[in-house]
Amino acid sequence: MTAWLEINDLRAKAGDKTILNGLSLSIDAGEVHVIMGPNGSGKSTLSNVLCGNPHYEVTGGSVTFKGEDLLKLNVEERARLGVFLAFQSPVEIPGVSMATFMKYALNARRKAAGEKELDAVGFMKRIKVRAQALNVSDEMLKRPVNVGFSGGEKKRLETFQMAMLEPDFCILDEMDSGMDVDAVKVAGNGVKIMRSPERSFLVISHNIKFIREQIMPDKVHVLANGRVVADGGVELLDEVDKNGFAGFVKEAVA
Amino acid sequence: MTQDKVSALEAVSDTYHYGFETDIDAETAPKGLNEDIIRYISAKKNEPEWLLDFRLKAYRHWLTMTEPRWAKVEYPPIDYQDIYYYAAPKTDKKTEIDPELMKTYEKLGVPLHEREVLAGVAVDAVFDSVSVATTFRDRLAKQGIIFSSISEAVQNHPDLVKKYLGSVVPYTDNFFACLNSAVFTDGTFVYIPKGVRCPMELSTYFRINAKKSGQFERTMIIADDNSYVSYLEGCTAPQRDENQLHAAIVEIIVMNDAEVKYSTVQNWYPGDKDGKGGIYNFVTKRGLCRGVNSKLSWTQVETGSAVTWKYPSCVLMGDNSVGEFYSVAITNNYQQADTGTKMIHLGKNTSSTIVSKGISAGKSQNTYRGLVKMGKNAENARNFSQCDSLLIGSQCGAHTLPCMLSSNPTASVEHEATTSKISDEQLFYCRQRGLNAEESVSLIVNGFCKDVMQKLPMEFAVEATRLVAVTLEGSVG
């Protein structure tokens with residue numbers, strides 16, 4: 001039986017540069033996985049390829065999610081199937097408030113599913129509960145998406161979007177970078193609140209303390225040169241903490 | 001036209017939703033332009049001698065003029081003898097509106113039966129050359145507001161029309177304004193008396209229907225001392241392979257402490273995706289802020305027309321008068337727009353604001369052209385201009401041509417301009433949240449135009465937002 005998410009021998013390139021080089025990984029429903037690895041090992045590429053970013057070309061391998069061939073779907077179809085990416089550097093959308101953005105996103109999903117648009121009351125309720133839980137103020141919801149926010153605020157808003165859209169599979173691309181201690185807690189809190197037997201997470205991070213204290217993963221993978229070179233539990237964190245990635249990189253080259 | 005034919009036409013025209021034709025008898029003058037045609041139009045409208053003289057003077061002057069070619073638009077020469085200058089829907093009884101016409105306006109969403117009107121919008125509808133219905137007139141008349149077709153105003157209020165006709169846009173102003181002065185057929189006339197705040201939005205809906213016909217309407221708005229009016233203008237035309245000419249004039253006079261807000265959603269047929277057909281929209285709109293503390297605000301959302309040539313302007317004559325211009329111009333496929341404004345500061349402490357948002361997609365060309373002029377007596381006059389361009393794709397063009405002339409050292413002029421592109425990263429971000437590519441573009445564009453959109457009256461803002469999406473259909477691969 002295949003897992004909830006099954007990545008098999010995935011190969012991808014950006015331009016002429018091959019970045020993913022036969023990556024295999026499987027995640028079951030309800031699991032939280034962490035991916036670590038040195039810069040350039042393909043962590044961010046993996047998250048972009050899973051979401052269908054047209055900037056990357058898949059040259060081989062397969063990805064199935066909830067039994068569907070993910071690679072056949074376009075970006076928005078994957079999103080509507082439940083794949084969510086919390087961006088490392090979220091882009092600005094001037095003039096569009098976060099509240100409007102979420103309304104469009106939710107309604108686009110409902111429209112695609114043949115459902116009626118959300119009514120204003122239902123939407124306001126949904127937004128209010130989640131904003132409070134994640135410490136997102138009304139003022140932040142009114143301001144244009146990602147315009148003029150600090151790094152930490154942007155990440156908090158990524159977590160907020162995740163809570164609004166209730167995806168089945170959440171990819172968090174370096175959520176903890178550029179955040180102060182409190183913001184890291186909010187991000188971790190988001191994962192804690194969202195954790196459920198029907199939802200899995202793939203968390204990309206360098207921050208061992210953050211992973212240990214906030215994420216508490218089921219499994220840890222180390223990535224080097226575009227493939228997974230080590231799988232394990234939290235004990236892998238200790239090894240990385242002590243020796244860095246040097247040993248893993250050697251393994252990948254050999 | 002039968003209902004079947006209407007829906008069949010709609011099925012083929014999936015991007016331009018107003019491209020149907022109404023099958024009604026039209027009374028047309030012979031094709032072409034000469035003094036006899038002008039006399040014919042004037043006689044049809046039972047006009048007084050002075051108005052015929054005005055038309056003939058304009059026509060004779062027009063013969064000496066040449067068509068302006070300085071705008072950044074290209075189109076083949078117009079054969080002015082191949083146009084019908086008068087086309088009126090024929091009706092059996094003068095008092096009844098043709099049911100086919102009613103159907104057309106229902107399709108356009110214009111409510112003509114007052115009883116059916118829920119929103120407080122009074123409508124004057126101009127179909128080809130003739131104003132067919134003016135709703136709410138009686139209610140407005142109780143407050144002394146005149147809201148009628150200009151033809152009726154000529155009959156019922158000749159002194160007012162005579163006093164102000166051509167006072168803001170003289171017939172010598174430019175080639176198209178001169179042509180309009182000679183052949184204008186109908187339009188809307190609004191007079192708001194002293195101290196009256198017009199209780200509802202006034203609205204005109206223009207529609208070109210007849211083949212090979214031009215539309216030359218003329219709108220006059222006079223806001224007397226301490227009055228206020230908000231006026232909306234909407235336009236559509238059937239989908240045709242040929243190009244049709246629309247050369248209108250809008251003249252606005254704003255007296256002491258009065259305010260006029262003029263909003264346009266222009267959705268003339270833009271031509272097909274290969275650039276065939278569409279309206280040539282060559283329009284002169286100008287307002288004179290004559291009184292002290294007067295205010296005129298232009299808000300326009302331009303999505304239609306094959307070629308647009310239009311510069312709604314304010315002449316700020318009264319001290320402390322205020323002029324505003326908020327514009328969104330969207331071009332796609334082969335559309336060309338050369339649009340902007342003129343702010344002429346004559347009085348002391350006059351101020352003006354220009355916010356222009358140009359969006360180009362497809363192979364279109366979109367130009368902002370503006371003039372800010374500070375006269376020698378414009379002590380402490382201020383202007384702020386912001387011109388932003390957004391490009392979608394790599395085959396379109398955006399151009400910004402601001403001109404600033406100051407003859408008064410105490411006047412200040414500020415200009416900001418930006419050009420940006422919808423980035424792949426923005427599209428990916430929106431699509432990752434579940435919006436498809438077109439929904440993403442429409443969201444980003446609406447965000448880009450937000451400052452202008454929120455100036456529109458509520459009922460127009462909804463339509464404008466929807467039009468943005470329709471206009472940009474097919475603009476992303």
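A crossing of two helices is called right-handed if the near helix is turned clockwise from the far one by less than a right angle, and left-handed if anticlockwise. Keep in mind that this is a predicted model.

**A helix pair in chain A**

With that term in hand, look at helix α4 (residues 120-133) and helix α6 (residues 151-165) of chain A: the crossing of α4(A) and α6(A) is right-handed. On the α4(A) side, the residues in contact include A:Phe123 and A:Ile127, and they meet residues of α6(A), among them A:Phe160 and A:Met164. Sorted by type, the residues of this contact are 7 nonpolar, no polar and 2 charged.

Now move to strand β20 (residues 365-374) of chain B. Is it enclosed or open? Strand β20(B) is largely enclosed by the rest of the structure, because 8 of its 10 residues are buried. Here is how β20(B) pairs up.

| Partner of β20(B) | Sense | Bridges | One bridge pair |
|---|---|---|---|
| β18(B), residues 336-345 | parallel | 10 | B:Gln336 with B:Gln365 |
| β22(B), residues 397-406 | parallel | 10 | B:Gly370 with B:Pro402 |

**One lysine**

Last stop: B:Lys57, found in helix α3 (residues 49-62) of chain B. B:Lys57 counts as partly exposed because its relative accessibility is 47%. Its C-alpha atom is 42 Å from that of B:Met458, 401 residues apart along the chain.

How values were computed. Residues numbered from 1 in each chain as written. Chains lettered and ligands numbered in written order. Predicted model: local features only at pLDDT ≥ 70, side-chain atom pairs only at ≥ 80, totals over all residues. Heavy atoms only, no water. Helix = DSSP H or I, 4+ residues; strand = E, 2+ residues; numbered from the N terminus. Buried < 20%, exposed > 50% of the residue type's maximum accessible area, 1.4 Å probe, protein only. Pairing = 2+ DSSP bridges. Contact = heavy atoms within 4.5 Å. Nonpolar A, V, L, I, M, F, W, Y, C, P; charged D, E, K, R; others polar.
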